[in-house]
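Colleague: Before I rely on any label in this model, I would like to hear what each one rests on. Could you show me the structure and then take my questions in turn?

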Amino acid sequence: MPTFVYMTSCDGCGHCVDICPSDIMHIDKTSRRAYNIEPNFCWECYSCVKACPQNAIDCRGYAEFAPMGHSVRALREEDKGTISWKIKFRNGTEKDFVSPIRTTPWGSIKSPSDYDVPGPEALISQELAHEPDALNIKGGLPALERKQLKKGFRKGL
Amino acid sequence: MFTSNPFAELSSLISPSVMQAYIAVMIFLVVGGTLFDVVHKKSAKYFFNNWQKIKNKETQKVGGGEMASIAIKTAVVDGLTSGEFCNPQRRIAHLLGMYGFVAYVVATIVMVFSYPTMATPTPAIWPALWYIGGLMVCIGGYWFWFFLRVDVVAEGHSPFRLVRADLFIVSLLASVTLGLIWAYVQSTGGAVAASTLLGLYLIATTVLFGSIPWSKFSHMFFKPAAAFQKRMEKANGSRRNLPPPADAPEIYGSARRQPQNY
Amino acid sequence: MGLFSNRKTIFVDSDVLVIGGGMAGCGATYEARYWGRDLNIVCVEKANIERSGAVAQGLYAINCYMGMQWDENQPEDHVRYARNDLMGLVREDLGYDIARHVDSSVHKFEEWGLPFMKDPKTGRYLREGKWQIMIHGESYKPIVAEAARKAATEIYNRIMVTHLLMDKKKKNRVAGAVGFNVRTGDFYVFRGKAVIVGAGGASHIFKPRSTGEGMGRTWYAPWSSASAYALPIQVGAKMTQMENRIVLTRFKDGYGPVGAYFLHLKTYTENVNGEEYESTWYKDTKAMVGDYIDRHPVPTCLRNHAILKEVAAGRGPIRMVTKEAFKDPHLEQVGWENFLGMTIGQAVVWASQNVDPKHTNPELTTSEPYVMGSHATCSGAWASGPEDYAPDEYQWGYNRMMTVDGLFGAGDTIGGTAHKFSSGSFTEGRIAAKAAVRYIQDMGTDEPEVSEEEYENFKAEVFRPLETYKVGRNEIVAGTVSPSYILPLHGLQRLEKIMDEYVGGISSGYMTNDWGLNKGLEHLQMLKEDLEYLGAEDLHQLMRSWELKHRLLASFSVAHHTLFRKETRWPGYYYRGDHMKLDDKNWHCFTLSQYDAKSNEWAMEKAPVYHIID
């Protein structure tokens, strides 16, 4: 389902150009608005659809196997932490969904620099940042022993 | 200088009726060019079909009163305050250019038609509006041209790259810039320079109004119509198949950053 | 870029250079900052880390989580699971290492704001299956990217790294990387003391089932252009298991995921006559692979094998029986949201074709092959293992360091570590980053130095396709056909056809043999020569050119490995027609390759498997 842009809704802000993981949302030379330059490299990831502040981007399933007359549209509301979907089948069936996308405010992740500086013993150990606490287990980081190593094929493994 | 009517000064060289005829032709080009564009591209048919689709998909009735208030809202918010722009810088640049252009054009028409010669003294407000309007167009326009155009800001193209989408803004800036420079040179002497600049000014202005079928000029008529349709889509529940906003509190803020070309 | 713009060369210094801003790269960036508070940590990404990589559209499940805190699984269990699924051949030391750390990564995701589904009775993460937990992961990538942004000194978006740079003082030591800015066209020289490659695996090296507009709908992201492999291969890092390509059974056309369907909705498959079919092929499979067919769960490739046989016998397509499950409104919601949070395209396909799983049992298909390292497959670089227990043969100093000093890898990049998925790739990034910080500390003042000659040569090479196009374009009137250059899409389609027809793609039923592989290598060599004449019209096409070059180098590796392993280890992924049986006597080992760029030669060898877990 490659994306396309509605002419009357796009105001040429560039958010879709900025976000597209495939680098296929670019600016049309005649209207200075966005369009999909390479639908055969569009994964239908909807990153552009979600990023567009004007909801000017929509998708039409790949012409190679998707009949016309369908619609799958999304409204991502960052400040509410939700994404809403409306699916319309070619035969008119409609399905609506709303899902959470985040449980904490955007920008609230604690920087790794804000944690206590690990000591030199910690650097040599096998524990990664925030471990063993973040594993939430008793007995420390699990490990194997070299004597458990057995080289080569063994039946029944 | 800012309070003297440059067209009255010019009337010694070019007769007012020629100037008035030129303006009439430009107005004709605007109307004709837009109509030609609409007919040739069948954009009116598209708008009408789209309007029908919106009506057919309605889930809520929109009464006449509500429609009228939506029309007014469109005119005031989307039209007068360029409310459709989500980027505040682009909105301000557009407002500068839009009101500047209106002031500049209105002042031109008033001065050429009502105060065409030195015999009819021009109230200072009109040349002032003309200069101020022109400067506003230049500030908004050059700001947009170098710093806000999405193909420069988001795509990383050089600000000096020219494509067809630039036809309107380039001819507008050329016309207004040359007009301001011409008016200044004319009032400080230098007859040859003034005539040359006048010639260039007229070329740029003719291109601006003559290229309407190929430039973005006519979007100033389409955009309000589209804005009205969009508001109607929200009001009647069709929303162009978009889901309605979620019923959830706005407590997470936003991570949105301005696009950049890195 | 235009008449008046100048191409600049920009130098960026760093201590830890992370190439790729996906799950692995973001994990590495975060962890590097924790251990290296004063270090200069730079992450370079071809697109925008906010949505780059395979997790762009989100994920509906985290498929690698032990749940040690609730005694759900132990790391050994995961090693057994991955080993079983890969027919015995995994790096158990690396796999255990990821499994013992992954829970802490997942707990951090929850802390950071990723919504997890919870079991209403126990309050625990809602299990989809033994290893999988369910999340509302539409914003999984933006959340992880936020953590990386908080950690990095600088994140460079829209820069495609094309080559690694080697130390001019010491042999076989990495010193940085070069690339170009996809927006401005500037050339970047990154100097790094340690380099962590967390780039993407290989989609689009085999011809996909849809070749028109639909070629965008690959199972793995179309922007996974094998840079994870090409960058290390080019500098002589040893690679392993590159023959181990993966074929996926997914919903037809949209390649939508089936995991939640099998595990949570408890759907099952049947042939076109509504019959169970896997048992029909039990004997056939046993004759090929012996008692691997008796394992529980049945290895992924063997399930594919049964489907291929059943369809070839005329009783296809295989369909997912959903009508019962979808009667439950909760399960129906999960079934659809599963796509919307992970593979929106499948929802689009069904909406367009009026497929409602309540009323129809949708078709499944086997996909074209992919080569990557983080799913039910483990192609990638040969890496040093954890210091505390890895066998001596498997370690040469720093965890996740490849056979090139200072060159670390994570995610798709590292081979032998199957079933790590998103959380495991992020975790592997963390493992590699901590090791990289120690490597930098140990190096002291003996820092690597980039060679001006090397990067100046690369600069000319990187931009050559632009020059080729510009000059060659003068020869023809218009259009795409030129005698003096080929477009990136031409090269890509030629590569995909070669791999499809000679190296075991869909058109041959994933079958290949000695003759075919050698012929394929011949064709790949001609394609390699022709790629000197790639013509790129603009920077976007230049990026496509380098994606193709990376894909081609990875494809050579895949073909050589497939030729080297004289057995059919993973029927259902691919078949060696001339060695149709699994051969544990001779091939219960890893395949390793090493490429010499100067001589254009590939050296192949076997490496022993160490089983640590019983």
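Colleague: How many bridges join strand E1 (residues 9-19) of chain C to E2(C), and do these strands run parallel or antiparallel?

Modeller: This is a predicted model, so what follows is computed from predicted coordinates. Strand E1 (residues 9-19) of chain C and E2(C) are joined by four bridges and run parallel; because at least two bridges are needed before two strands pair, the term applies here. Within E2(C), the residue opposite Leu17(C) is Val42(C).

Colleague: Why is strand E2 (residues 41-44) of chain C described as covered on both faces?

Modeller: In a regular strand the side chains alternate between the two faces of the sheet. In this strand Ile41(C) and Cys43(C) lie on one side, Val42(C) and Val44(C) on the other, and all of them are buried; the word buried asks for 20 or more other C-beta atoms within 10 Å of the residue's own. Both faces of the strand are therefore covered.

Colleague: What makes chain A more spread out than a compact globule?

Modeller: Chain A has a radius of gyration of 24 Å, whereas the globule rule gives 15 Å for 157 residues, and since the value is well over the rule, the chain is more spread out than a compact globule. Taken along the principal axes, the box filled by its C-alpha atoms is roughly 65 × 50 × 35 Å. Of its 157 residues, 49% count as buried, and among its contacts with a separation of 6 or more, 43% are between residues 24 or more positions apart. In terms of elements, chain A has three helices and eight strands, which follow the pattern β-α-β-β-α-β-β-β-β-α-β along the sequence.

Colleague: How do you know that chain A and chain C pair through strands, and which residues are partners?

Modeller: Strand E8 (residues 150-151) of chain A and strand E20 (residues 610-611) of chain C share two bridges in the antiparallel sense, and the criterion is at least two, so the pairing meets it. Lys150(A) has His611(C) as its bridge partner in E20(C). As for the contact between the two chains, it involves 74 residues of chain A and 81 residues of chain C, and the side of chain C divides into 34 nonpolar, 25 polar and 22 charged residues.

Colleague: What makes up the contact between chain A and chain B?

Modeller: Chain A gives 37 residues and chain B gives 31, where a contact means C-beta atoms within 7 Å. On the side of chain A, several elements each supply at least two residues, among them helix H1 (15-19) and strand E6 (82-88), and E6(A) has the largest share, with five residues. By class, that side of chain A has nine nonpolar, 15 polar and 13 charged residues.

Colleague: Which residues form domain 1 and domain 2 of chain C, and how many does each give to their contact?

Modeller: Domain 1 covers 249-366 and domain 2 covers 452-581, with 32 Å between their centres. Each of the two domains gives eight residues to the contact, and on the side of domain 1, H8(C) gives the most, with six residues.

Notes. Residues are numbered from 1 along each chain as its sequence is written. Chains are lettered from A and ligands numbered from 1 in the order in which they are written. This is a predicted model: local features need pLDDT of at least 70, side-chain atom pairs count only at pLDDT 80 or more; totals for chains, interfaces and linings use all residues. Ala, Val, Leu, Ile, Met, Phe, Trp, Tyr, Cys and Pro count as nonpolar, Asp, Glu, Lys and Arg as charged, and the others, Gly among them, as polar. A residue is buried if 20 or more other C-beta atoms lie within 10 Å of its own, exposed if 12 or fewer, and partly exposed in between; C-beta atoms are placed from the backbone. The radius of gyration is taken over C-alpha atoms; the globule rule is 2.2 Å times the number of residues to the power 0.38. Domain bounds come from an automatic or database domain assignment.
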